[in-house]
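Student: I have a model open and would like to learn how to read it. Could you walk me through its features?

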Amino acid sequence: MFLVLAAVAPLTGIIVIGGIGIAVGAGGGTPMMFLLATAVFLLFAVGYAQMAKKLVNAGGFYAYVVRGLGRTAGVVAAFVAMVGYNCFVAGAVGTSGFFTSIVFADVFGLDLPWWLWSLISVAGVWLLTRSGIDISAKVLGVALVLEVSILIILDIAILFTTGYSFEPFLPEVFLGGSIGLGLLFAANAFVGFEATGLFSEEARDPKRTIPRATYVAITFIGIFAAVTTWAIVSALGAREAGDIALEHLAAGDLVFTVSAEYLGGGMTDAMQLLLVVSLFAALLALHNSATRYLYALGRTGVLPRPLARTRRSNGAPVVASTTQLTFATLVAMAYAVTGLDPIANLVAAFTGIGTLGIVVLQAIAATAIVVHFRRVRDPRWLPTFVLPLLGGLGLWAVTALAFGNFPELAGSDSPIIALLPWLLPVAAVLAVLVALWLRGSRPAVWAALDQDLDRVAHLPAATEVSQ
């Protein structure tokens, strides 16, 4: 649960996603958008939880798609996941470095280039990843408690000073803005909840804890984001919130402005420092997710098998981790060398396509779960068909919104960035070609793609690799 919530990064989500959502999305109706998104993801989670009880695998959604739609579709899902998560981590490296440089310059007067802070963040992530998932979870847990606490203090301050207005839940308010963009940005706040399944092989009792962690994480994300944006919108005025947020969009300081008014300068400085912590936690959690995909595909032989090597002491996938961080760092440093703006170029491009890739992956997985349970003729129609189907339809709707509004999602009007969604169809075509090659030239690897699902369901990752 900590790994999921840290990847979502509540403080970063409220400051960045919440601020943009209020400005260009549903305006004062943004809290309602978070509640609608929560309903969609909880519907999906019903089928996801049923699948998690039957299949324990570090491949996450990739493994579910193989089980539900077959090996070719599974390879497609894996390639989409690799594009999504690896691009997201590259964008997170830039985001972490950029905001850390600004915060340390403003608060401490320490003016260092953003790329140096990015390298420091990457080094910290690499060291923590080598220490195993338990250490990462503890670090992320502390970060999560701190960033959630500062937002709860802000929520309470607004409640007892101004009070919460119920106008955001009036139809004329939440239907008055852009519902499509509002729902899209709300769904963006849930990116990363898949991490519960990705770490299932490293959990003590995955068939019990993975479904529980998924439900709790989704519910917490949705309710917390809805309440906090409700507080912010109430402080601004529900009907004026969109216009005010639009004025602060370029600077990204909407939440800090509200905090300065209700909490004062000292607490706002603390919030800025906690934003740095939040960004590092998100980078660590997203990197862990991206690493598990490389590890799982290396183990099956779709990618080079050395990616499946782990530390004997704790089972941490060190080769996959180093490979993933090297890619993300090289991308970020390429932007630094060329002098391009990290936010307008690096973050807009790679976080945007990363978000889109993960949303597409979620929609494919939702379809696979429904198909699997119908194929095995599961008699439980409500938890294995009706509810997951409704969640899947909601996710495909979010996918369509993401494709249709990608420039707004990426936060850039560059024509080059507008073309980035086509990376996913290209990755899908490449995945089909790889699947055909595996079937014809490496039949043992092809056969192992679905056999591996059952085999690893009973073996810890570290044990399987050492054997």
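Tutor: We will go from the whole chain down to single residues.

Student: What should I know before I start?

Tutor: This is a predicted model, in which local features need pLDDT of at least 70, side-chain atom pairs count only at pLDDT 80 or more, and totals for chains, interfaces and linings use all residues. Residues are numbered from 1 along each chain as its sequence is written, and side-chain values use heavy atoms, with hydrogens and water left out.

Student: How many helices and strands does the chain have?

Tutor: Helices (H or I, at least four residues) and strands (E, at least two) are DSSP runs, numbered from the N terminus. Here the chain has 22 helices and zero strands.

Student: What does the radius of gyration say about the chain?

Tutor: The radius is taken over C-alpha atoms, and the globule rule is 2.2 Å times the number of residues to the power 0.38. For 467 residues a compact globule would be near 23 Å, and the chain agrees with that at 21 Å. Its C-alpha trace spans about 65 × 50 × 45 Å along the principal axes.

Student: How much of the chain is buried?

Tutor: Buried means under 20% relative accessible area, exposed over 50%, and partly exposed in between (1.4 Å probe, protein chains only). Of the 467 residues in the chain, 58% are buried.

Student: And what share of the contacts joins residues 24 or more positions apart?

Tutor: A contact means heavy atoms within 4.5 Å. Among contacts in the chain with a separation of 6 or more, 81% are between residues 24 or more positions apart.

Student: Which residues have the most contacts inside the largest nonpolar core?

Tutor: A nonpolar core is a set of buried Ala, Val, Leu, Ile, Met, Phe, Trp, Tyr and Cys residues joined through side-chain atoms within 4.5 Å. The largest one has 151 residues, and Phe44, Phe61 and Tyr64 have the most contacts inside it. Helix α16 (residues 342-375) gives the most to this core, with 17 residues. Leaving out residues up to four places away in sequence, Tyr64 touches Tyr48, Met51, Ala52, Leu55, Ala368 and Ile369.

Student: Where is Val65, and what does Val65 touch?

Tutor: Val65 sits in helix α4 (residues 61-69) and counts as buried because its relative accessibility is 0%. Beyond residues up to four places away in sequence, its contacts include Gly70, Ala73, Ile364 and Ala368. Val65 and Ala366 are 301 residues apart along the chain, yet their C-alpha atoms are separated by 8.6 Å.

Student: What about Gly354: buried or exposed?

Tutor: Gly354, in helix α16, is buried, with a relative accessible area of 0%. Not counting residues up to four places away in sequence, Gly354 touches Gly84, Cys87 and Phe88.

Student: Which residues does Ser121 contact?

Tutor: Leaving aside neighbours within four places in sequence, Ser121 is in contact with Ser96, Phe280 and Leu283. Ser121 belongs to helix α6 (residues 114-130) and is buried, at 8% relative accessible area.

Student: What can I read from the phi of Arg377?

Tutor: Most residues other than glycine have a negative phi. Arg377 has a positive value, near 55°. Arg377 lies in the loop between α16 and α17 (381-404) and counts as exposed, at 70% relative accessibility.
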